Amino acid sequence: MQEQCQFKEQPRSEIFEYGIDINKKTLLLAGPIGPEMLLRTTAAVDQMKLNSKDCLTVLLSSEGGSLYDGLGIYDLLKWVQFDTGCTVKIIGIGYVMSMAVTVMQAASEGQRFLMPNCSVMVHLGHETTPAEIHPAERERLVAEFDRIGKIAFTIVAKAMGMTYHKWKISHAYDTYFDADLAVRLGLADAILKDTNSGNQKKRKR
C-alpha cells in the first residue's frame, strides 16, 4: 500500500491551500471552468475579508468551460469590487481561452495582465445539448444557450471595441492570439515583461 504524503503543519500565512492564499490575497483559477472553480472563487471572496485597501490577485490559466459558471465567476469578481472597493488584478498564465477570456474582463480598470508567452483564444462558445432529447426541448435549450452565449461574449466583444453582431461573424470559429496581439486588440491591458522590475508593455490606444 502506497504511503500518503505527510505535510508538516504550517502557519496560515505560509500555505496555499485549494488555490487560495488568504494572507497574500491571491486566488488560482486553473483548469476547466465549472462548478469547482466557481466554488473556489466564492470561498476566496468569503474568506479573504477584502476591503478598499486590498488587491485581489487572480492567476488565470484555463481553456474555458461552462458559460453559466464562468458568468458566475465574472459576476462575483465584479460584485466584490463594488461591495468592498478592493482592486481585482487578473494575470493570464499559459493560456486564457473561450469563457476564460470573459472572466478576464472582470478585472478592475487597467488590471488585466498577460504573461509574455500566454496564448489567448476567442470563439463563439456554446453549451452541449444531450444526445437523446425531445425536439421541442432541444429547441428550447438552443434558444437558452444562444441567450447565455450572447451575454458572455458581448463582454468580450465590448472589450475589443466591437458590437456582438460583428464579433459573432468575425469569431464564430477558434481565433488564436499571442499576448502582444491580445493586448493590442483590447483583451488585456499589459504584458508582464519583467516581473522583477515591474516593466510592462502596455496596450496602445
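A: Begin with one pair of residues. This model is predicted. In it, Ile91 stands opposite Phe113 in strand 5.

Q: Which sense do strand 4 and strand 5 pair in, and over how many bridges?

A: Strand 4 and strand 5 (residues 112–114) pair in the parallel sense, over 3 bridges.

Q: What unit do strand 4, helix 3 and strand 5 make?

A: Look at what links the two strands, and at the hand of the path. Strand 4, helix 3 (residues 99–104) and strand 5 form a right-handed β-α-β unit. A right-handed β-α-β unit is also made by strand 3, helix 2 (residues 67–84) and strand 4.

Q: How many bridges are there between strand 3 and strand 4?

A: There are 7 bridges between strand 3 (residues 55–62) and strand 4 (residues 87–97), and the pairing is parallel. As one example, Thr57 has Lys89 in strand 4 as its bridge partner.

Q: Which residue in strand 6 stands opposite Tyr95?

A: That residue is Ser119.

Q: Now for burial. Where does His171 lie, and is His171 buried or exposed?

A: His171 is in the loop between helix 5 (164–170) and strand 7 (175–178). To judge burial, compare the relative accessibility with the cut-off: under 20% is buried. His171 counts as buried because its relative accessibility is 8%.

Q: Which residues does His171 touch?

A: Leaving aside residues up to four places away in sequence, His171 touches Val122, His123, Leu124, Met160, Met162 and Phe177.

Notes:
Residues numbered from 1 in each chain as written. Predicted model: local features only at pLDDT ≥ 70, side-chain atom pairs only at ≥ 80, totals over all residues. Heavy atoms only, no water. Pairing = 2+ DSSP bridges. Helix = DSSP H or I, 4+ residues; strand = E, 2+ residues; numbered from the N terminus. Right-handed = clockwise from strand over helix to strand, strands pointing away. Buried < 20%, exposed > 50% of the residue type's maximum accessible area, 1.4 Å probe, protein only. Contact = heavy atoms within 4.5 Å.
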